[in-house]
Amino acid sequence: MHPKRTHLQIAKTSQTSKEVWVHCPRCNAAAILFPAAEGRRLSCLKCALEKHYEWNGYLTWPKRDPIDPHTGLSLWLKWPCCGQFVWALNPTQLDVLESYVGADLRPSGTFKQGKFVSWQNSTYENRLPSWMKLARNRRSILKAIERIRRDRPLPAQETS
Ligand SMILES: [Zn+2]
């Protein structure tokens, strides 16, 4: 995969990383959690459920259990892999993960004001669990991502 594409996708992620795709607590279809005043607003893409969740702590990277740590709702984009779960908070992040895992050469750099500078201390890489960075797991992880895409076709997303 061309590194340039990876950089672009990561730049895109920083804008949408606050969106979290989860299972709707009512109909189990895809629902999106948006940042909202003092919490999060859930909006279901199928049954149109709208629900407000109070802010009760900071969002942390889930470890073994692929849930949204803010609401406890099960993540929409996940698949078992290597005794763990491959997961993403949202479709953009899934693209980034695929590019990252699929990249043969990971440039050492990070972003500064939207410009790629160095991967070091990049928030995204730091938050990735170490097993996802192992070369021997790469093939399985990419397969899991493929399964997520097949199993979780994305409904048309409203742009607001
Ligand atoms: Zn629903």
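Modeller: Residues are numbered from 1 along each chain as its sequence is written. Local features of this predicted model need pLDDT of at least 70, and side-chain atom pairs count only at pLDDT 80 or more, whereas totals for chains, interfaces and linings use all residues.

Colleague: Why do strand E1 (20-23) and strand E4 (50-54) stand at the edges?

Modeller: The open sheet of four strands has the order E1-E2-E3-E4, with antiparallel pairing. E1 and E4 each have a single partner strand, so one side of each is left without a neighbour in the sheet. Strands here are DSSP runs (E, at least two residues; helices are H or I, at least four), numbered from the N terminus.

Colleague: What makes E1 and strand E2 (residues 30-36) a pair?

Modeller: Two strands pair if DSSP finds at least two bridges between them, and E1 and E2 are joined in the antiparallel sense over four bridges; Trp21 stands opposite Ile32 in E2.

Colleague: Why are H2 and H4 called roughly antiparallel?

Modeller: The axes of helix H2 (residues 91-102) and helix H4 (residues 138-151) come within 10 Å and cross at roughly 155°. Axes are lines fitted to C-alpha atoms, for helices over the stretch in contact, with angles from 0 to 180 degrees between N-to-C directions. Angles under 35 degrees count as roughly parallel, over 145 as roughly antiparallel, 65 to 115 as roughly perpendicular and the rest as oblique; H2 and H4 are therefore roughly antiparallel to each other.
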